[in-house]
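Subject: Handover of a structure and notes on its features

Dear colleague,

Please find below the structure that I am handing over to you.

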Amino acid sequence: MQIAVTHKDADFDALSSIVAATLVYPGMVALCPNSLQSNVQQFLALHKTAFNLVRDLQYEPNAVRRLAICDCNQWRQLENSAFLQECTQAEIDLWDHHLHEGDIIPTWSCVDRVGATITLFLRIIQERQIAVSPQEATLFLLGLYEDTGQLTYDGTTPEDVRSAAFLLEQGGDLRLVVDFLHVAYNETQKKVLYRLMRDMQQYQINDKRVGVGIVQIDQYVSLATVVQLYARIIDVDAVFVVFANEAGSFFVIGRSKSPDIDVRVILQDFGGGGHAGAGSARISGEVYTAAAIREQILTTLYRESSAGPLVNEMMSAPVTTISPDTRLHEAGALMEKKGIRGLVVVEDGRPVGIVTLWDLKKLTLHKQQNHPVKAFMQRNVRTIAPDATVREAAHVMVSKDIGHLPVVADSTVVGIITRTDIVNYLYGMI
Ligand SMILES: [Mn+2]
């Protein structure tokens with residue numbers, strides 16, 4: 001007996017992975033969790049017969065020879081985890097794209113930094129040229145698109161994008177994908193969204209805006225999409241919602257679009273799981289209250305959020321400077337020689353102006369080249385302190401449309417930040 005299993009609240013990536021496991025391992029059955037996200041449930045209602053899924057375990061633990069555990073590396077995230085842990089005769093193959101340690105110790109594993117677990121299976125499916133039906137391709141596309149935000153999330157890899165191309169070639173239906181990724185919101189979900197809009201608190205943490213809220217909920221609905229929509233509407237960097245149910249337990253959902261806020265790190269105190277961009281945690285009401293959960297999330301946010309690199313870590317130093325009496329043609333020659341596009345004009349170490357290559361190009365009369373730079377330099381020099389953040393520097397440069405920002409400490413120029421530095425920073429090339 002060989003069984004593929006995946007986490008509770010199965011999303012499309014989870015379902016895709018267990019179906020793909022049945023293609024990769026001949027004779028394996030896919031055990032579909034009873035708790036499914038609502039769009040997955042709707043999809044399965046329509047495609048009931050398309051996939052070979054079983055809903056109940058009718059086996060002896062000792063008869064199980066192999067477990068393929070998909071999209072999950074923690075026992076407690078699996079349904080029937082007690083039964084599964086009793087399968088002592090089984091080899092455990094782990095297929096996952098969650099890179100943090102879990103408590104499942106596999107016999108063999110395929111764990112890699114890709115946007116969706118289905119990409120790992122598609123690697124093997126393509127290698128072995130295993131046939132994929134159009135329905136399977138559509139399901140796999142849903143898994144891939146949902147986990148990668150239609151190939152836009154941070155963790156998306158070139159291999160994920162190639163997988164999408166492969167699935168389209170196998171007849172994956174994008175119209176169905178769009179339908180099931182954007183199912184209409186039901187009444188309860190709309191109510192939750194209104195409450196979030198009305199009650200959510202926003203916090204400024206360094207330069208990040210984070211929404212943290214508590215919502216009482218008396219009916220089980222799929223909440224992740226609502227939280228995601230809310231985060232998009234109010235345009236915060238991250239959002240954490242504590243859903244409190246009548247039974248007294250909590251479900252926390254976090255979403256972050258900032259590389260500086262890692263949802264998994266924030267939720268790991270509560271035994272939660274997920275990724276940097278998205279995660280959740282189920283918390284029993286015995287240990288926490290909703291307010292205590294919110295407090296702890298905020299504490300971790302303040303502790304973990306860094307303001308990013310500082311100007312003095314990225315500035316160029318020493319700075320090529322000139323005096324106000326330097327001739328313009330000399331300034332031009334100096335820039336050419338140094339391969340730079342701007343010079344800081346200093347008097348007694350203090351910045352009094354800036355001359356750029358761009359300014360020099362505007363000079364049309366040849367005789368002007370002999371004038372001192374003080375006649376042409378930009379005089380209102382904006383400067384920044386070495387202990388300011390690179391983000392603040394970027395903000396000044398973008399809002400004032402300037403390309404050179406001298407770094408000044410004790411009224412002396414100690415370095416310079418340029419537009420190129422900022423672009424490099426924004427593209428993560430430092
Ligand atoms: Mn996944």
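The notes that follow go from the domains to the cores, then to a pair of helices, and finally to individual residues.

Please keep in mind throughout that this is a predicted model.

Domains

The domain assignment of the protein divides the chain into domain 1 (2–181), domain 2 (187–304) and domain 3 (311–426). Between the C-alpha centres of domain 1 and domain 3 there is a distance of 55 Å.

Nonpolar cores

The largest nonpolar core has 53 residues, and the members that touch the most other members are A4, V5, A21 and C70. The element that gives the most to this core is helix α1 (residues 12–24), which supplies 9 residues.

Leaving out residues up to four places away in sequence, C70 touches A4, V5, T6, A14, S17, I18, A21, W95 and T117.

Helices α4 and α5

Helix α4 (residues 117–127) and helix α5 (residues 134–148) have axes that come within 8 Å and cross at roughly 135 degrees. At that angle, α4 is oblique to α5. The residues that meet are I118, T119 and L122 from α4, and F140, G143 and L144 from α5. Sorted by class, this contact of α4 with α5 comprises 4 nonpolar and 2 polar residues, with no charged residues.

The loop between α4 and α5 holds Q129. Although Q129 is not a glycine, its phi is positive, at about 50 degrees. Q129 is exposed, because 6 other C-beta atoms lie within 10 Å, and the limit for that class is 12 or fewer.

V241 is part of strand β9 (residues 238–245). It has 28 other C-beta atoms within 10 Å and is therefore buried, the threshold being 20 or more. Its contacts, apart from neighbours within four places in sequence, are L196, G213, V215, V227, V252 and I253. V241 and I293 are 52 residues apart along the chain, and their C-alpha atoms are separated by 9.9 Å.

A393 belongs to helix α15 (residues 390–400). With 25 other C-beta atoms within 10 Å, A393 is likewise buried. Setting aside residues up to four places away in sequence, A393 touches V311, I384, A388, L405, I417 and I422. From A393 to I297 there are 96 residues in sequence and 29 Å in space, C-alpha to C-alpha.

Loop residues

D9 sits in the loop between β1 (2–6) and α1. D9 has 18 other C-beta atoms within 10 Å, so it is partly exposed. Apart from residues up to four places away in sequence, D9 touches S35 and Q37. D9 and F83 are 74 residues apart along the chain, with 19 Å between their C-alpha atoms.

M200 lies in the loop between α8 (187–199) and β7 (201–205). M200 has 19 C-beta neighbours inside 10 Å and so counts as partly exposed. Its contacts, not counting residues up to four places away in sequence, are G211 and G213. G213 is also in contact with V241. M200 and V114 are separated by 86 residues in sequence and by 33 Å in space, C-alpha to C-alpha.

D410 is located in the loop between β16 (404–409) and β17 (412–418). D410 is not a glycine, yet it has a positive phi of about 50 degrees. D410 counts as exposed, because it has 6 C-beta neighbours inside 10 Å.

A cis peptide bond

A317 and P318 are joined by a cis peptide bond, with omega at about -5 degrees. P318 is placed in the loop between α12 (311–314) and β13 (321–322).

With kind regards

How values were computed
Residues numbered from 1 in each chain as written. Predicted model: local features only at pLDDT ≥ 70, side-chain atom pairs only at ≥ 80, totals over all residues. Domains from an automatic or database assignment. Helix = DSSP H or I, 4+ residues; strand = E, 2+ residues; numbered from the N terminus. Contact = placed C-beta atoms within 7 Å. Axes fitted to C-alpha atoms, helices over the stretch in contact; angles between N-to-C directions. Parallel < 35°, antiparallel > 145°, perpendicular 65-115°, else oblique. Nonpolar A, V, L, I, M, F, W, Y, C, P; charged D, E, K, R; others polar. Core = buried A, V, L, I, M, F, W, Y, C linked by C-beta atoms within 7 Å.
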